[in-house]
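Hi there,

Here is the structure I promised to pass on to you. Have a look at it first, and then read my notes below.

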Amino acid sequence: MMQGPTGPATSVATTSPVLRIGGVGKRFGTFTVLDDCSLDVAEGEIVTLLGPSGCGKTTLLRCIAGFWDADSGSITIDGQDMARVPVNRRPVGVVFQSYALFPHLTVARNVGYALRMQGVPRAEAARRVAAALETVSLTGFEDRYPAQLSGGQQQRVAIARVLVMEPRVLLLDEPFNALDAKLRGTMQVELRQLIKSLGLTSIFVTHDQEEALTMSDRIAVMRAGRIEQAAPPDEIFDRPATAYVADFIGSSNFWPSLVADGRVSLPDGQSVATGLRGAVRVMARPHNLQIAPPAAGPWQGRVAFQRSVGPLVEYHVETEGGDAMVKVVAMRRAQDRGFADGTAVSLRIVDPALCAVYPA
Amino acid sequence: MAEASYTAPLATRGLGERLVDALLSGRGIWPAVPAIIVLTVVAVIPFVILLSLGFSDMEVSRGAIVSQTFSLQHLTNALTDPLYWTTFQRSMTLALTTTALCIFFGYPVAYLFLIGGRWTRRLILVLTIAPLLTSGIVRTYAWLVILGGRGVVNSTLMSLGLIDQPLRIMNTHWAVLIGMVQIHLPVMILPLIAVMSRHDGRLVEASANLGASRLGTLRTVILPLSVPGIGTGAALVFTLSYTTFVVPQLLGGGNYLNAATMIYEQVVYSLEWSKGSVSSMILMVTCLIVLVAIALVTNHFTRWTKGRDA
Ligand SMILES: Nc1ncnc2c1ncn2[C@@H]1O[C@H](COP(=O)(O)OP(=O)(O)OP(=O)(O)O)[C@@H](O)[C@H]1O
Ligand SMILES: [Mg+2]
């Protein structure tokens with residue numbers, strides 16, 4: 001499938017990428033887990049692999065870390081092909097989904113593990129361990145065992161343990177999974193700031209799109225072993241390359257339509273230009289729709305359901321003639337309490353240019 | 001307990017019912033009561049009788065004990081008898097060597113189990129458990145066939161021209177040691193495998209990712225985490241081989257005196273029950289000392305499992 005467009009503002013084409021994944025494929029028996037995955041990650045960039053469970057995110061990480069060999073394609077770091085480089089010599093640090101801390105080692109010895117394996121002199125190792133623990137605000141926890149730490153503290157040890165070896169590429173596989181929602185939110189912001197301040201080139205795996213939007217410079221949306229689109233969060237959100245991406249990120253409304261004279265007509269009577277022909281699907285985000293009291297216009301409906309999402313209200317509108325339930329997001333209005341369930345309303349698309357058109 | 005509300009009120013229940021309840025779900029030592037009764041009858045009482053034999057002077061007339069007075073005479077006799085010292089020393093050396101060799105040969109098997117695929121694991125399990133399904137006596141006799149004068153080892157070495165005369169392996173210290181290690185090896189491997197199969201593969205990956213070689217991972221991650229298995233295995237192998245009777249008796253050709261064979265002779269041949277009793281007690285106490293030592297060492301290396309809730 002086509003690679004999502006990467007605008008000039010986003011591609012850091014001036015320097016060559018730190019990590020280059022070129023057409024990586026991986027199969028288990030006859031089952032293809034990764035299919036021709038390509039992705040470049042620039043110096044200091046945080047790229048998120050986002051996709052549903054089982055789409056191959058962990059598999060791709062494991063190939064980069066060297067736990068598994070890719071069947072085809074190449075992985076290069078700083079221009080060096082990793083194919084023949086064993087796991088323990090790759091400049092890659094992994095933060096595991098379950099942290100995989102060594103239960104028999106204290107926090108200090110967990111963090112100092114990589115240095116011990118490299119034979120770094122004790123004094124220097126101690127200094128670097130102390131520095132790493134300070135970075136993740138765990139000073140004072142040196143002599144605890146992992147079992148004596150909370151989930152969030154364990155995660156910070158896992159991060160410090162990897163930071164101390166100064167990897168070229170940092171891989172994080174769903175590092176927030178074990179944390180409760182509130183802590184997750186704070187840790188996301190903290191971790192992003194930490195990675196950014198250290199300038200680490202990172203790949204971050206999640207199947208939580210909010211997490212992806214918080215953490216990433218770029219999001220690579222995966223589907224069944226392929227990367228559908230890799231682009232900055234705004235672009236993924238505003239100009240999803242495929243209907244799948246549009247559906248997966250944020251909420252969306254789809255209508256089938258036909259192209260006539262290079263234009264697709266929208267349900268409210270407006271139209272939008274497209275290069276496609278024949279049958280297509282048109283997508284509009286809920287916040288690109290406007291809900292109003294019934295008025296003259298081709299697009300009428302009735303509020304079927306509504307719910308408050310913070311300062312916004314999401315309406316599900318049953319449209320006349322159409323069988324689709326249309327989602328509309330509007331600001332909550334204090335003065336009139338919005339539209340009650342069952343109210344007749346009319347709909348309008350605010351900016352037709354923001355509607356996307358995909359092959360049917 | 002939530003179930004408490006479904007059972008009849010205390011007053012209306014019979015004593016038997018309440019007793020069964022206490023035994024099945026009671027607190028404290030109640031659930032252990034049946035086991036305690038059985039052990040008291042079959043182990044504690046005979047043991048007390050045995051001890052009383054060793055710590056008393058008896059007058060026996062027509063096969064019945066006439067009088068019995070407390071005495072440390074048998075114990076002092078034993079402790080000043082050089083034969084006891086050499087015998088127990090031999091037993092101890094043999095048992096410790098066997099334990100060490102079992103760790104040495106058993107650990108690689110367990111490591112193979114850890115890194116091996118499904119079939120390797122099954123094969124190791126079958127090969128470890130199969131010998132346990134046959135009696136120790138049978139397995140010991142098998143060594144007679146292998147190590148004997150015309151046994152497999154000697155005939156092979158002779159047909160290869162490496163030796164002219166059959167080596168005398170049977171009825172030596174070496175035969176006993178070889179037999180002991182082979183017989184007790186499964187008892188070492190099983191606890192090790194139990195530890196290994198609970199092992200978290202991601203720790204091995206994490207250590208490789210952090211730059212450890214295979215040997216480094218083995219030394220710093222796998223080995224320390226399998227200490228409980230080594231401890232259990234060592235305790236079992238030591239106890240079994242320190243107190244073994246069959247192997248030295250058969251492979252030592254009747255002239256290999258260890259603690260168990262000595263007690264056997266004292267009790268069965270020379271009918272000196274008091275001596276036998278004292279020897280048994282020394283055997284048990286020394287065995288316990290070593291077990292405590294093993295437990296302390298194991299504990300020292302598994303400090304990290306303590307204080308989970310600190
Ligand atoms: N060792 C294996 N043998 C066979 N199939 C495997 C193996 N490991 C993973 N798979 C398959 O590969 C596919 C991708 O797995 P992967 O773990 O990469 O998914 P994921 O995107 O990380 O999912 P999740 O979000 O649930 O972690 C899955 O369909 C899985 O069943
Ligand atoms: Mg995964």
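One thing to keep in mind as you read: this is a predicted model.

**The ligand**

The side chain of A:Lys57 has an N or O atom 2.8 Å from an oxygen atom of ligand 1. A:Ser53 brings a polar side-chain atom to 2.4 Å from an oxygen atom of the ligand, and for A:Thr59 the corresponding distance, again from a polar side-chain atom to a ligand oxygen, is 2.5 Å. On its own, ligand 1 would expose 630 Å², and the protein buries 64% of that area.

Which elements of chain A give two or more residues to the shell around ligand 1? They are strand E2 (31-41) and helix H1 (57-65). H1(A) provides the largest share, with three residues. In total, 13 residues surround the ligand, and the closest are A:Ser53, A:Gly54, A:Lys57, A:Thr58 and A:Thr59. By type, the shell holds five nonpolar, six polar and two charged residues.

**A covered strand**

Next, please find strand E7 of chain A, residues 169-173. How many of its five residues are buried? The count is five of five, so this strand is mostly covered, where buried means under 20% relative accessible area. In a regular strand, side chains alternate between the two faces of the sheet. On one side of E7(A) you will find A:Val169, A:Leu171 and A:Asp173, and on the other A:Leu170 and A:Leu172; both faces are covered.

E7(A) also has strand partners. Strand E6 (residues 92-95) of chain A pairs with E7(A) in the parallel sense, over four bridges, and A:Val92 stands opposite A:Val169. Strand E8 (residues 201-206) of chain A pairs with E7(A) in the parallel sense too, over five bridges. Here A:Asp173 has A:Val205 in E8(A) as its bridge partner. To get from E7(A) to E8(A), the chain passes through helix H6 (residues 181-198), and this β-α-β crossover is right-handed.

**Two positive phi angles**

A:Ser137 has a positive phi of about 50°, and it sits in the loop between helix H4 (122-135) and helix H5 (151-163) of chain A. A:Ala224 has a positive phi as well, near 45°. You will find A:Ala224 in the loop between strand E9 (218-223) and strand E10 (226-231) of chain A. Is A:Ala224 buried or exposed? It counts as exposed, because its relative accessible area is 60% and the cut-off is over 50%.

In chain A, A:Ile249 belongs to the loop between helix H9 (243-248) and strand E11 (253-260). A:Ile249 is buried, because its relative accessible area is 0%.

In chain B, look for B:Gly254 in the loop between helix H12 (246-251) and helix H13 (259-269). With a relative accessible area of 44%, B:Gly254 is partly exposed. B:Gly254 and B:Arg202 are 52 residues apart in sequence, and their C-alpha atoms are 52 Å apart in space.

Enjoy exploring, and write back with any questions.

Best wishes

Note on methods: Residues numbered from 1 in each chain as written. Chains lettered and ligands numbered in written order. Predicted model: local features only at pLDDT ≥ 70, side-chain atom pairs only at ≥ 80, totals over all residues. Heavy atoms only, no water. Near = heavy atom within 4 Å. Polar contact = N/O pair within 3.5 Å; in protein donor to acceptor, adjacent residues only side chain to side chain. Areas by Shrake-Rupley, 256 points an atom, 1.4 Å probe, with all protein chains shown as cover. Nonpolar A, V, L, I, M, F, W, Y, C, P; charged D, E, K, R; others polar. Buried < 20%, exposed > 50% of the residue type's maximum accessible area, 1.4 Å probe, protein only. Pairing = 2+ DSSP bridges. Right-handed = clockwise from strand over helix to strand, strands pointing away.
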